[in-house]
Amino acid sequence: ALDSLFGPECGPRKVASADLTDPNMRLDAPPSRLEPFAEDDAHDRRETAGSCRNGHSDHFVQFYEDNDALIRSLGPYLGGGLGAGEAVLVVATPDHRRAVAAQLNKQGLDFRLLQARGQYVEADAAETLDQFMVNGMPERGLFEEVVGKLVAGLEKSWGSVRVFGEMVVLLCERNSPAAAICLEDLWNELGKKQKFSLFCGYPLKTFATDATQADFKHICNAH
């Protein structure tokens, strides 16, 4: 059911398994390192990504089948930025924040040191989201006050920022796809003014029913 929604406006690509274990792999890799899905390639759809450039920023999406697939992608994406002297902002669930920290340590990065010097910043997705929601929808001014200022501070200190965010996923899980799409748009607007890359991860099960296919397409279009 999801196949019909993967079109040029979303542009999902298969990330080769070798790339996912490469600490230097970036999700904005050149097209030669990304392959379009074949019609019968359902097994590898567990790790898919699409991206777009918007102003000063890149905005990625990955639809994943299991948490391990997500962490395998986040490791090189975040670790590559940290190794290059960029800042990292992780706005995620507690489980995923712990998994990311463990993955970075496995890659030889001193997670505690990175936190202590302010290069790695993490925040709880639910708590952060609640700070800029008004009547069930993200409020632009509050989003810029809460998230925009945080990204701007990191950009000022480190020059460039890599973000992983799960607030949009929480909105989908709360059965608020319109709010999720609105938040994706707010991120895109912020990307026209500030320099950062944004990685969004969605479990494929979020879009498992026919009723969610239109939402899936809108999410694709936002990246």
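In this tour, two residues are in contact when heavy atoms of theirs lie within 4.5 Å. The model is predicted, so local features are held to a pLDDT of at least 70 and side-chain atom pairs to 80 or more, while totals for chains, interfaces and linings use all residues. Residues are numbered from 1 along each chain as its sequence is written, and side-chain values use heavy atoms, with hydrogens and water left out.

**Stop 1: Q115**

Start by selecting Q115, which sits in helix α4 (residues 111-116). Helices here are DSSP runs of H or I with at least four residues, strands are runs of E with at least two, and both are numbered from the N terminus. Setting aside neighbours within four places in sequence, Q115 is in contact with Y120 and E122. Now show R112 too: its side chain and that of Q115 make a polar contact of 2.9 Å. Such a contact is a pair of N or O atoms within 3.5 Å; within protein, one must be able to donate a hydrogen and the other to accept it, and residues adjacent in sequence count only if both atoms are side-chain atoms.

Is Q115 buried, partly exposed or exposed? Its relative accessibility is 25%, so Q115 counts as partly exposed. Buried means under 20% relative accessible area, exposed means over 50%, and partly exposed lies in between (1.4 Å probe, protein chains only).

**Stop 2: the whole chain**

Zoom out and colour by secondary structure to find nine helices and ten strands. The protein has 223 residues, and 52% of them count as buried. Among contacts with a separation of 6 or more, 73% are between residues 24 or more positions apart. With a surface drawn, the protein exposes about 10,300 Å², and carbon and sulfur atoms supply 49% of that area; the areas come from the Shrake-Rupley method with a 1.4 Å probe, and for residues only the protein chains shown count as cover.

**Stop 3: the cores**

In soluble globular proteins, nonpolar side chains tend to be buried together. A nonpolar core here is a set of buried Ala, Val, Leu, Ile, Met, Phe, Trp, Tyr and Cys residues joined through side-chain atoms within 4.5 Å. Select F63, M167, L183, W187 and Y202, which touch the most other members of the largest core, a group of 38 residues. Helix α8 (residues 177-191) gives this core its largest share, seven residues. Another core, of 20 residues, lies apart from it and includes Y64, Y77, A101 and L104.

Next, centre on W187. Which residues does W187 touch, not counting those up to four places away in sequence? They are H59, F143, V147, V151, V163, M167, F196 and L198. W187 is buried, with a relative accessible area of 4%.

**Stop 4: H59**

H59 counts as buried because its relative accessibility is 3%. Show the side chains of E184 and N188 as well: H59 makes a side-chain polar contact with E184 at 2.9 Å, and another joins the side chains of H59 and N188 at 2.6 Å.

**Stop 5: aromatic rings**

Rings of Phe, Tyr and Trp (its six-membered ring) pair if their centres lie within 6.5 Å; planes under 30 degrees apart count as stacked, over 60 as edge-to-face and the rest as tilted. That rule gives eight aromatic pairs. Select F132 and F143, an edge-to-face pair with 5.3 Å between centres and 80° between planes. F132 is in the loop between α5 (125-130) and β7, while F143 is in helix α6 (residues 140-158). Both are buried.

W187 and F196 form an edge-to-face pair too, at 5.7 Å centre to centre with 65° between the planes. For a cluster linked by ring pairs, select F60, Y77, F164 and F199.

**Stop 6: two loop asparagines**

Most residues other than glycine have a negative phi, and most peptide bonds are trans. Go to N135, in the loop between β7 (133-134) and β8 (137-138), where phi is positive, near 55°. N135 is exposed, with a relative accessible area of 79%. Then move to N175, in the loop between α7 (167-173) and α8. Phi of N175 is also positive, about 60°, and N175 counts as exposed at 67% relative accessibility.
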